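Open the structure in your viewer and keep the selection tool at hand.

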Amino acid sequence: MTSLLRHQAYEEERLQRVAEKLPCRETQAGTLLSLMGQPQQYSYPSIFIYGHRASGKSHVMQVLLKELELPHATVSCVECVSVALLFEQLLLSFFGCDAASLLPRSPSLSDFVRIYRQQCSQSPAKQTRYIVMEKAELLRDTDANLLPALLRLQELVEDNVTIILLSEIVWDKFRPNTGCFEPLLLHFPDYSKGELQQILSQDKHPSYSAEFYSSYINILLGVFYSVCRDLRELRHLAALNFSKFCEPLADGKVKETDTHKLWRNIEPHLKKAMQTVYLREVSSLQWEQMQQTEEKETGTVRGLSAHTHVELPYYSKFLLIAAYLASYNPARTDKRFFLKHHGKIRKTNFLKKNEKTSNHLLGPKPFPLDRLLAIFYSVVDNRVAPTASIFSQISSLVTLQLLTQVSHDDQLDAPKYKCAVSMDFMCAISRTVSFDIVKYLYDFL
Amino acid sequence: MSKRKVKDDHMPVGECITQVQEVFRERFCCQKLPEQPEGVESQHKHLLELLKRTAVHGESNSVLIVGPRGAGKTMLLKCVLRDLLEEKEVEKNLLQVHLNGLLQTDDRIALKEITRQLNLENVVGDKVFGSFAETLGFLLEALKKGDRSSSRPVLFVLDEFDLFAHHKNQTLLYNLFDVSQSAQAPIAVVGVTCRLDVLELLEKRVKSRFSHRQIHLLSSLTFPQYAERVRTQLSLPDDFPDDKFAQDWNASVKNLCEDKSVEEVLQRHFNSSKDYRMMHMLLMLCLSRVSVAKPNIKPADVLEASKMCFTDAKANMLHGLSILELCLVIAMKHLNDVYEGEPFNLQMVHNEFKKFLHRKSSSMYNFEQPVIMKAFEHLQQLELIRPVDSSSAKTQREYQLMRLMLDHSQIMEALQKYPQCPTDVKQWAMSAFG
């Protein structure tokens, strides 16, 4: 088992301990260890590790560096909103707080390198120092010099230091246009289904047997594996739904070995979980409460997206309907839909459409204010005066982000809008004013 | 098991391996200077002569070292400096200022750095100067006075020279070149850059003050030379403590380089790039496989290392996608084929996916729109698809136009390697009509 993790610089037991903490990641840890070499030797200046989310990049690095007691600094690029924070953190973890306080108020890279060299000459590295940067893709958005400088930090500070970048995104998207020192690329492959099963089965429940939990994980993966391979997400789902899985057992209806009945019980529940908890429609707390209160059918609690229903004034509703119609219907069909005596429009010509021009595929089109008002007057039954309140309702719809103003060049004169609500939302609104919107939509004719 | 035990008992082997790792890691990782630069003898001679003239005779010079990344520019410069400082007189007299375009991002920082490296912080103190030239003039003046009577020559090394050309008004470059042109303190300005068009970046007045002396380091390596270089890079030096081990090692490296499969690998690397860095990366990967249990490099190691260098990162990422995400990628590929590279949005992709599901009887992949949206967003996070315009807040998420950042062949290749790929998905991907 531990044959992959072997290095002459470290004791066997210690590596054994490391290997136990890194299930299914021995190969990668072994490669990393052999690249890092013995502590006092030089290591490659920069290593770039990429792989999917939750494929153990940070974990492997963390365990290796902690267990083998190597000097290191771990920095998350999300936290370091300014380079000053980054520099401070690095100096702090390598040389203590005296060094960090030497930094001027808004330090440049030059200051950092100067102080690093100063400190380094006082306490030269006996072992390779490691800098681990998590979420390294954010380094691209900072100062353009930062990434190339970090990649050749070993050369700049003349110290035995290695920088390790962790990211989800491939290296090709990082390369600056004048090039830089190329790091060693290392890929962390995704966990296979078997490996996921193995890792997830490790955190079993104490009061049930390991096989029981393992069969539960098997069912869970059967439902979710085709959608999600994120270990963290799966682990979260497993923890949430386990109590439901055990329920028949607690009631004494089935035995532990009766897998089929257990599956019959849990499967619809898990399917529901995919539409609710997985999408964070229902929070995990709500989900747990729902499971406890038996009588309530799961899913009856309205999720986040069900709350999008908003109460609008009567005319605002019609304004929104008009906006939707204006956005999703071509202007040439307005005559046919909204005029009583629209003369003759040839039917074949009118209905000539193909999928490519369907607006429900392409998205809403912008329309001028005049067209909106024209449609509005035709869909509202009674006569409406174009008062200030109508116009203010239009602009308040824009503030509510139900409409968006397209071009900002002219505020007052002929503004253009787009409707930014979904079909379902629109159907719900039109039902409240008993208006059959589908009849007026060109795409559904 | 027993075999390794025997080897462990021979302590010298472990010791030797440690030594080997140390020697090579210094060579590949921290770019230890070789005794004699290879293949750049004429450039070396030229630069040495030039700097010697500044250091000894007080002649002002400026020169640019131009070459692609990893061509050995810094190595050449450092070798020259090492050889230059061997002379007593030069060592006593010459002052060096090293600036890097990555660190000194504007002229104020650069000036501070110059002051510091010339040990003049106490002289300048809190004095406030009017112009940049005045300050620089004062610095150089202080140098003149600092020494007995004559002025000491100063060597300015500007690494990443092209970045200095982006400073405002190029004041630093103007002043440095100006000093080197007029009869003031003797200075030599050495710029190191990887841009061949670096002179186009300079302003006219700066350009006219530059001596237009350029040293090009363009590699004219042939494959036999490349292979030879690999061999010398992997050979142990003569001063290795254990003679017997060094001889064995060098012999095995010689055998290795003559191996047919290794030669093929080297040829591939040679074809893709000739620079030292890439070679070092390959050799470093080979070296990391050397351990006590396996005390020399085998052809298989070289093959493995080269595979690691040449692996397609995007295909690796595609391998880890869930089946739903893969289906979306295939749908995007079909959209790209049908509409000839027009951007698409989530609705179109979903529509395409639904068409596939309709044709198929089983409804295994009947997912709701939000689940598909989540998968789509994951693809966007991985930057496998990219929004056409960045004004994302304006449009709804499902109507935002996207472009696929993948190649046709990459998708097909990833599909072949995908573990347990359903046959109908594979057939769907193959079929020409979505």
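Is Cys97(A) buried or exposed? Select Cys97(A): this residue is exposed, with a relative accessible area of 54%. Here buried means under 20% relative accessible area, exposed over 50%, and partly exposed in between, with a 1.4 Å probe and protein chains only.

Before moving on, note that this is a predicted model, in which local features need pLDDT of at least 70, side-chain atom pairs count only at pLDDT 80 or more, and totals for chains, interfaces and linings use all residues. Residues are numbered from 1 along each chain as its sequence is written, chains are lettered from A and ligands numbered from 1 in the order in which they are written, and side-chain values use heavy atoms, with hydrogens and water left out.

Next select Cys79(B), which is in no disulfide either; its nearest cysteine sulfur belongs to Cys30(B), 14 Å away. Cys79(B) is buried, at a relative accessible area of 0%.

**Aromatic pairs**

How many aromatic pairs does a search of the whole structure find? Over all chains there are 44. Rings of Phe, Tyr and Trp (its six-membered ring) pair if their centres lie within 6.5 Å; planes under 30 degrees apart count as stacked, over 60 as edge-to-face and the rest as tilted.

Select Tyr208(A) and Phe242(A), an edge-to-face pair with 5.7 Å from centre to centre and 85 degrees between the planes. Tyr208(A) sits in the loop between α9 (193-200) and α10 (210-224) of chain A, and Phe242(A) in helix α11 (residues 231-251), 34 residues apart. Helices (H or I, at least four residues) and strands (E, at least two) are DSSP runs, numbered from the N terminus. Phe242(A) is buried, at 6% relative accessible area.

Now go to Phe161(B) and Phe177(B): the centres are 6.4 Å apart and the planes at 50 degrees, so this pair is tilted. Phe161(B) is buried, with a relative accessible area of 1%, and Phe177(B) is buried, with a relative accessible area of 1%.

For a cluster linked by ring pairs, select residues including Tyr314(A), Phe337(A), Phe376(A) and Tyr440(A).

**Charges over rings**

A charge sits over a ring if NZ of Lys or CZ of Arg is within 6 Å of the ring centre and within 35 degrees of the ring normal. Select Arg140(A), which lies over the face of Phe174(A), 5.1 Å from the ring centre. Finish at Lys374(B), over the face of Tyr278(A) at 4.0 Å from the ring centre.

Definitions and conventions:
Disulfide = S-S within 2.5 Å.
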